[in-house]
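Please consult the sequence and the structure shown below while reading.

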Protein chains: 2
Amino acid sequence: MKALLIVAHGSRRKQSNDEVIEMAQKIKKHNDNSFPIVHAGFLEITEPLIPESIEKCINEGATSVTVLPYFLNSGRHVVEDIPEIVNDTKKSYPNVPIVVTPHIGNSPVMINLLLNTSQAQ
Amino acid sequence: MKALLIVAHGSRRKQSNDEVIEMAQKIKKHNDNSFPIVHAGFLEITEPLIPESIEKCINEGATSVTVLPYFLNSGRHVVEDIPEIVNDTKKSYPNVPIVVTPHIGNSPVMINLLLNTSQAQ
C-alpha cells in the first residue's frame, strides 16, 4: 500500500498550510488508487513535520512512502534539507522504501500548467 | 501582440532566479505564439522588478500584458503585493491592458502535475 507525502515549507499563515492539506486531500480523492494513503507534511514551522508525517503514513499501513517536495526552486531546502531529514527518518523504518521525487518546479508539466493558467484569461 | 510575464518572488540564490528565467524562455519557445513576448520578473530582491519587466514587454511592442504569479500559496505577496504593484504600474500605460492571473498553486492542472511527478518514481 503506497503512500504519497506532499512536503511544503510550512507557513505562519494558516491559510497557506490549509491549502497544502487540501491539495493532499484532493490528490487522495482523484488518484487512481496508486496512492491509497496521501498526506501533507512540512519542512518547518507547521506540524506535522516530515518525520511525524512519514510515521503517520507507516502507521496507516504504508509499505512505501513517496515524498514529493512542493517547492518551485531547487534551493537548499530541496537539495539538502528534505533529503537529509528523509535519510535520518529512514533509519527508523529499514523495511519501508522511502524515496524523494524531484521538486515540482522541475516538472515537465509545469509549462503546460503555466500556459493553461495564462490562457484562461 | 500579447506578452506574458512570469512573476516569481526573487531569491538571493542566483540559480533560483535563473530557473525562473529559463522557465520563461521555455514558455516563449513552446507556446503556440499566443504570447510572442515572454519574460520573467521579480517581486523583490532580483531585477528586473515587476514595473521594469512590464516596461520591457511594452517597449518590445506588447499590446497587452498577462502577469502570472509563480507562487504556490495565496499569501500576502499574491493577494496584496503583486496586484498593488501592477495597479500602480498600469497608471503609466493607460492604453495597454495589464491583467494578473490566479497564482499557479491554484491551478486545476496542479493535481496532474503532482501525480505525474509522484508516479514517475
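In this predicted model, 41 residues of chain B are in contact with 42 residues of chain A, where contact means heavy atoms within 4.5 Å. Local features need pLDDT of at least 70, side-chain atom pairs count only at pLDDT 80 or more, and totals for chains, interfaces and linings use all residues; side-chain values use heavy atoms, without hydrogens and water. Residues are numbered from 1 along each chain as its sequence is written, and chains are lettered from A in the order in which they are written.

**The interface**

The size of an interface is often given as the accessible area lost when the parts come together.

| Item | Value |
|---|---|
| Buried area (accessible area, 1.4 Å probe, lost on being put together, summed over both parts) | about 3500 Å² |
| Share of buried area on carbon and sulfur atoms | 70% |
| Salt bridges (side-chain nitrogen of Lys or Arg within 4 Å of a carboxyl oxygen of Asp or Glu) | 0 salt bridges |

On the side of chain B that touches chain A, two or more residues each come from helix H1 (14-30), strand S3 (64-69) and helix H4 (109-119) of chain B. Helices (H or I, at least four residues) and strands (E, at least two) are DSSP runs, numbered from the N terminus. H4(B) gives the largest share, 10 residues.

**Helix H3 of chain B**

Helix H3 (residues 76-90) of chain B has 15 residues and should span 21 Å at 1.5 Å a residue, which agrees with the 20 Å between its end C-alpha atoms. The expected span is 1.5 Å times one less than the number of residues.

Note on methods. Buried area is the accessible area (1.4 Å probe) that two parts lose on being put together, summed over both.
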